[in-house]
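Please look over the sequence and the fold shown here.

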Amino acid sequence: MSSSSFVIGLTGPIGSGCTTLSQGLAQKGFRSVSVSDLIKQKFKEIHKKEPTLKGFGEDWRAELQDIGNRGRNGEFVVDRDPDKDYRHYWVDLALKEVTDERIVLDGIRNIGEVEWLRKKFTQFWLIAVYADYPTQWNRIKNLNLYPNEKVFERDNHRDSGEDEPFGQNVQRCVYESDYICRNDKHIEPERIREEALADKLMRDIPGMEGKKDFRGPYPAEVSMATAVSQSHASRCIRRKVGALIVDDNNIPLTVGFNDNPVGMESCFSLYNGQCYKNMVMEAKLEKMVPFYCPECGKRYEDIKPPWKCDGRKPDDSPCRCNFKLKFFPSRNIELCTAIHAEERAIRSLGQRRAEGCTIFVNTFPCLQCARHIKDVGITKVVYIEAYPIEESVDFLKQNGIVIEPFEGFKPRAFNQIFRQLE
């Protein structure tokens, strides 16, 4: 395998369609390689069972997630070096025998995998496949993969982001991606789904390959590049957000980024490198003991990171209850000391209204920002990273505000693709 091979990596939440896109690209001449297949093989070696609901029970995917984490933590490496980074274990193993010049790698779940691939290949492109939660569940629920939506939601939350450095963190991978491919529409007939999704991406692959006659940027790509450039001014420890408001002619009006109020130090300085809302949440958890896990009943006299239950259910399966999500489903967003990017952009309008305008933001607005968006007359929100607050989604929809996932080249790749003419 050459370092100059053209490699596409796919990341996205469960049910987003990464495997569908990978199979479609295989029809276009790419060698399709799956990280998930390797983890499933290890599952069968360990358990002598199939990684399915029927073969293992409702925790089959949770066990796959555990095995994936164990591999990225170096547990399957002979003579493991405790000081070495093994987060790339699965992607390295998946590509070890591959010699093709055009490769699509499905199943990227950890930012360490992305970092390794970017160092390994000069032509590596990380593609995030997007589908919203209702679309994900609608695709999954009839495949007999989960007994109910509650178990799917648990695994999907865990897949999105874990606290361990070697854990799943699809949300971070999406944030670091080069390109977003939307797959939130129902494509019929089923036999054309793979090809239809691949065809959409194939139109933009010439740009990734550096072809000089490639198209110019779409207005949404220009606007999102501007919004995200603002996020770099943020000093937030947890999430850097940028926003841009444009009128109906795509003329920029105002920008904003999330940060503590003017004159206030960053949380990093004020709280010894800690996020304030996260610090409060963890302090509350520590003060709750002794308590019983609400899912398996295990008693806790003390609690510490990674804030998850290590007890067993009545059927002796691992509990895996995430106490942060269980007790603080909003992740204490209401305690964030920062002025959010959307609010700062809206305040910068002064006395002007924004009737019919669009706001571009790299994360989905919270409920408070959604209210500001409605109040000022903005009629459309374009976002990259989904924000798991259902009330915000419902509020925007109920008030007739269009919600549109971003698609195209991310700001990370924008300047590389759309270079100034010489």
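Are phenylalanine 414 and phenylalanine 418 buried or exposed? Both are buried. Bear in mind that this is a predicted model.

Start with the aromatic rings. The count comes to 23 aromatic pairs. Take tyrosine 300 and phenylalanine 323 as one of them. Their ring centres lie 5.4 Å apart and their planes meet at 80°, so this pair is edge-to-face. Tyrosine 300 belongs to strand 9 (residues 299-300), while phenylalanine 323 belongs to helix 15 (residues 323-327), so the pair ties together parts that are 23 residues apart in sequence. Tyrosine 300 and phenylalanine 323 are each buried.

Now return to phenylalanine 414 and phenylalanine 418. Here the ring centres are 5.1 Å apart and the planes stand at 55°, so the pair counts as tilted. Phenylalanine 414 and phenylalanine 418 also belong to a cluster.

The charged end of lysine 42 is placed over the ring of phenylalanine 76, 4.6 Å from the ring centre. Arginine 215 lies over the face of tyrosine 218, and its distance from the ring centre is 3.8 Å.

Next, turn to strand 1. This strand spans residues 6-11, and 6 of its 6 residues are buried, so strand 1 is largely enclosed by the rest of the structure. In a regular strand, side chains alternate between the two faces of the sheet. Both faces of strand 1 are covered. Phe6, Ile8 and Leu10 are buried on one side. Val7, Gly9 and Thr11 are buried on the other.

Which strands pair with strand 1? One is strand 3 (residues 102-106), which pairs with strand 1 in the parallel sense over 5 bridges. Glycine 9 has leucine 105 as its bridge partner in strand 3. The other is strand 4 (residues 123-130), which runs parallel to strand 1 and is joined to it by 6 bridges. In strand 4, alanine 128 stands opposite threonine 11.

Then come the spaces. The second largest pocket holds about 1,400 Å³. It is lined by 50 residues, and Gly15, Gly17, Thr19, Thr20 and Ile140 are the closest to its centre. Several elements each supply at least two lining residues to this pocket, including helix 1 (18-26), strand 2 (31-34), helix 2 (35-47), helix 7 (133-140) and helix 10 (193-202). Helix 4 (60-72) is also on that list. Helix 4 gives the largest share, 6 residues. By type, the lining of the second largest pocket divides into 15 nonpolar, 21 polar and 14 charged residues.

How many cavities of 30 Å³ or more does the structure hold? There is 1. The largest cavity has a volume of about 310 Å³. Its lining has 27 residues, and Cys236, Arg239, Asn258, Cys336 and His340 lie nearest the centre. Helix 14 (276-288) and helix 16 (341-347) are the elements that give two or more residues to this lining. The lining of the largest cavity divides into 15 nonpolar, 6 polar and 6 charged residues.

Technical notes: Residues are numbered from 1 along each chain as its sequence is written. This is a predicted model: local features need pLDDT of at least 70, side-chain atom pairs count only at pLDDT 80 or more; totals for chains, interfaces and linings use all residues. Side-chain values use heavy atoms; hydrogens and water are left out. Rings of Phe, Tyr and Trp (its six-membered ring) pair if their centres lie within 6.5 Å; planes under 30 degrees apart count as stacked, over 60 as edge-to-face and the rest as tilted. Helices (H or I, at least four residues) and strands (E, at least two) are DSSP runs, numbered from the N terminus. Buried means under 20% relative accessible area, exposed over 50%, partly exposed in between (1.4 Å probe, protein chains only). A charge sits over a ring if NZ of Lys or CZ of Arg is within 6 Å of the ring centre and within 35 degrees of the ring normal. Two strands pair if DSSP finds at least two bridges between them. On a 1 Å grid over the protein atoms alone, a cavity is a set of points where a 1.4 Å probe fits but cannot get out, and a pocket is an open set with protein on both sides within 12 Å along at least five of seven lines; lining residues have an atom within 4 Å of a point. Grid points are joined across faces, edges and corners, and a volume is the space filled by probe spheres set on the points. Ala, Val, Leu, Ile, Met, Phe, Trp, Tyr, Cys and Pro count as nonpolar, Asp, Glu, Lys and Arg as charged, and the others, Gly among them, as polar.
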